[in-house]
Amino acid sequence: MIIYTLVLIDMNKCNDILNNALNSSTLREAKLNLIENFAEFASASSLDTFFFVFLIALGNLSESNDLKGFSQFSCLLMISNFFIFITIYPALLSLILQVK
């Protein structure tokens, strides 16, 4: 499941957030940049995740059990990816910034 979650991560946005945080001169400025970037990304990401889950959940209306199982797995994967990115990624970035 972790491999599939890694495929869904928006690496361009992650790279932008990381570069903005690491290019800051002080730890306080880095934290402020991190907060601003995540505020922008979280709102767009939550809306995208909601619509992806909604569209994938339409597969549950199918008569095929295989398609229903794939649809349920995909919905759980999208939701878990969203929560991982919103919770774990900022925590790891703050640890990296404190070590720097």
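This is a predicted model: local features need pLDDT of at least 70, side-chain atom pairs count only at pLDDT 80 or more; totals for chains, interfaces and linings use all residues.
Residues are numbered from 1 along each chain as its sequence is written. Local features need pLDDT of at least 70 and side-chain atom pairs count only at pLDDT 80 or more, while totals for chains, interfaces and linings use all residues; side-chain values use heavy atoms, with hydrogens and water left out.

Select residues 27-57 to begin. This is helix α3 (helices are DSSP runs of H or I with at least four residues, numbered from the N terminus). Helix α3 has 31 residues and reaches 42 Å from first C-alpha to last, close to the expected 45 Å (1.5 Å times one less than the number of residues).

Next, pick out A30, L34, N37, F38, F41, S45, T49 and V53, the buried residues of α3 (buried is under 20% relative accessible area, exposed over 50% and partly exposed in between, with a 1.4 Å probe and protein chains only). Show α2 (11-22) and α4 (65-99) as well: the buried residues of α3 pack against both (contact means heavy atoms within 4.5 Å).

Now turn to the aromatic rings. There are 2 aromatic pairs (rings of Phe, Tyr and Trp, the last by its six-membered ring, with centres within 6.5 Å; planes under 30 degrees apart are stacked, over 60 edge-to-face and the rest tilted).

- Select F50 and F51: the ring centres are 5.4 Å apart and the planes lie at 65 degrees, so this pair is edge-to-face. F50 is exposed at 51%, and F51 is partly exposed at 44%.
- Select F82 and F83: the centres are 5.5 Å apart with planes at 65 degrees, so this pair is edge-to-face. F82 is buried at 17%, whereas F83 is partly exposed at 48%.

Key: Helices (H or I, at least four residues) and strands (E, at least two) are DSSP runs, numbered from the N terminus.
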